[in-house]
Amino acid sequence: MTSSTALICDTEAWKDLKKHVEDIKKTHLRDLMNDANRCESMMLEFDGLLLDYSRQRATVETMNKLLKLAKDAQLPEKISRMFNGEHINSTENRSVLHVALRAPKDAVIMADGKNVVPEVWNVLDKIKEFSEKIRSGSWVGATGKPLEDVVPIGIGGTFLGPLFVHTAPQTDPESVECAKGRQLRFLPNIDPVDVARNIKGLNPETTLVVVVSKTFTTAETMLNARTLREWITAALGASAVAKHMVAVSTNLALVEKFGIDPNNAFAFWDWVGGRYSVCSAVGVLPLSLQYGFSVVEKFLKGASSIDQHFKSTSLEENIPVLLGLLSVWNVSFLGYPARAILPYSQALEKFAPHIQQVSMESNGKGVSIDGLPLPFETGEIDFGEPGTNGQHSFYQLIHQGRVIPCDFIGVVKSQQPVYLKGEIVSNHDELMSNFFAQPDALAYGKTPEQLHKENVSENLIPHKTFSGNRPSLSLLLPELSAYNVGQLLAIYEHRVAVQGFVWGINSFDQWGVELGKVLASQVRKQLHSSRTQGTELDGFNYSTTTLLKRYLETSSEPQM
């Protein structure tokens, strides 16, 4: 990848957008929404999805200027480099190829001179075979009982993505049938409370543990793995580990040393970042054990559909590109620091936490890909809750406090439709009434004049006035099948990449995660030596020393 010391903010397109902000400040969404031609130009359909971004604080001219910025940032070339397997993660000298994880068998995606798709499908075929053995009962536990309960151990991206994808189809009729009699419980946190909650009610005889760690050295994951190994061996003996524990890792030597048969290790690759790994064995193995490989394959096909759209569609008609450019506009030009992700589907309750990591770990950077300090903000604070829960939580701030651009995600067909006799609408219609109403409420607001006409008392008018002009976009899915879940995941993954490509940062490393780990290692050593040898606290500032002293004096941890 060619290196450049130029920053995107030095381009004419960036400066032009900065000036354009003054024009936008003179507009209000009430007026922009009256322009039917503008609204029509800001709607896009692809593969059953409908995107409406007409409630963004943007005009047709704004979009043209953003597309010019994308070209100045060499966005098409950067997308091609990613799909071509070039080492666009330059700080780690790696390709970025999560798209290869869901590519069709006959696709050709090169990394370091080799087509990686056959390797990917070798692992997928192995997962299919293994998951069918477990689900059919041809592979049983140490006492001959079928393994119906699965506990994946992994943290960060190896947990949040699979948890989101697991939660979404839990109430989909096809997936419910496929998962009958099975349990999937994720164990990410080293907190012993999380361990206790996840093994409560489980029988070691019917439990399969999946240890997810690329290097098999992640401190939290491996301590949890040792804890569950102890739980299994205490009940069933040391030899049971080979039947009750498998791995997703590339470090076969440590897998074998741990007691897991290396033949029961499922590979993934350096060109897969943790937060982009749900389509690898990290997610596909536990999800296939729960729902069957055929359901998970539909999820992969949905993601692949968006991959092809992202790779081959013009910028003007490209859903992830447009979403990414609008996020750049909101963050870097309009100065909005946050984004709310608001799915009007309880099945998507874990979507916002996953995208929070995908977005904030990827784009929470302060320097360009060439190491230059950035004179502008990147990334946004992502948060969200399903509607209508969020309406009774933080929507007050969104309507009358800070301006926070919102993503409204709706589903045409409910997974679990309910219609009560005598009600004017179905339960899903009631939910979706809010999905359609909230974006307009944010856009239009309510004026003092309107309140006067409604005879609202004078003293309440300031409290009931809504300024409006608050941007949002709406994404409508036909249903929430495994295929649609795959589409949704890929749209947001690529949107984050677009933002990073335009800002000129590396969205695929995460050095900010490392410093805290290093310092925690020092504390860990100190706790061990203080407990076992009575070593005095040394090398910490006054504040940390005081806290550590109190912890050591009063904690109920056993002396080792």
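Helices in these legends are DSSP runs of H or I with at least four residues, strands are runs of E with at least two, and both are numbered from the N terminus. All views show a predicted model.

**Figure 1. Domain division of the chain.** The chain is divided into three parts by an automatic or database assignment: domain 1 (8–73 + 313–506), domain 2 (98–298) and domain 3 (517–554). Domain 1 is written as two segments, 8–73 and 313–506. Between the centres of domain 1 and domain 3, taken over C-alpha atoms, the separation is 46 Å.

Figure 2. Domain 1 (8–73 + 313–506) and domain 2 (98–298) each supply at least three residues to the core. In soluble globular proteins, nonpolar side chains tend to be buried together.

**Figure 3. The largest cavity and its lining.** Three cavities of 30 Å³ or more are counted in the model, and the largest has a volume of about 80 Å³. Its lining consists of Val165, Ala168, Pro169, Leu287, Tyr291, Val295, Val296, Phe299, Ala482 and Val485. Two or more of the lining residues come from each of α13 (281–291), α14 (293–312) and α21 (482–503). Helix α14 has the largest share, at three residues. By class, the lining of the largest cavity is made up of ten nonpolar residues, with no polar and no charged ones.

Figure 4. With three residues, α15 provides the largest share. The lining of the second largest cavity comprises four nonpolar, three polar and four charged residues, whereas that of the largest cavity has no polar and no charged residues.

Figure 5. A disulfide requires a pair of cysteine sulfur atoms within 2.5 Å, and the model has zero disulfides. Cys178 is in no disulfide, and the nearest cysteine sulfur, that of Cys279, is 19 Å away. Cys178 is partly exposed, at a relative accessible area of 23%. For Cys406, the closest cysteine sulfur belongs to Cys39 and lies 18 Å away, which is too far for a bond. Cys406 counts as buried, with 1% relative accessibility.

Figure 6. Ser294 is placed in helix α14, the helix with the largest share of the lining of the largest cavity. At 47% relative accessibility, Ser294 is partly exposed. Ser294 and Cys178 are 116 residues apart in sequence, and 9.7 Å separate them in space, C-alpha to C-alpha. Cys178 is likewise classed as partly exposed, with a relative accessible area of 23%.

**Figure 7. Two loop residues with positive phi.** Most residues other than glycine have a negative phi, and most peptide bonds are trans. Asp47 has a positive phi of about 50° although it is not a glycine. Asp47 sits in the loop that runs between β1 (43–46) and β2 (49–52), and with a relative accessible area of 35% Asp47 is partly exposed. Asn93, also a residue other than glycine, has a positive phi near 55°. The loop that holds Asn93 lies between α5 (75–83) and β3 (110–111). Asn93 is exposed, with a relative accessible area of 54%.

**Figure 8. A cis peptide bond at Gly387 and Thr388.** The peptide bond from Gly387 to Thr388 is cis, and its omega is near 10°. Thr388 is located in the loop between β11 (381–383) and α17 (395–400).

Technical notes:
Residues numbered from 1 in each chain as written. Predicted model: local features only at pLDDT ≥ 70, side-chain atom pairs only at ≥ 80, totals over all residues. Heavy atoms only, no water. Buried < 20%, exposed > 50% of the residue type's maximum accessible area, 1.4 Å probe, protein only. 1 Å grid on protein atoms, 1.4 Å probe; cavity = no way out; pocket = protein on both sides within 12 Å on 5 of 7 lines; lining within 4 Å. Points joined across faces, edges and corners; volume = space filled by probe spheres on them. Nonpolar A, V, L, I, M, F, W, Y, C, P; charged D, E, K, R; others polar.
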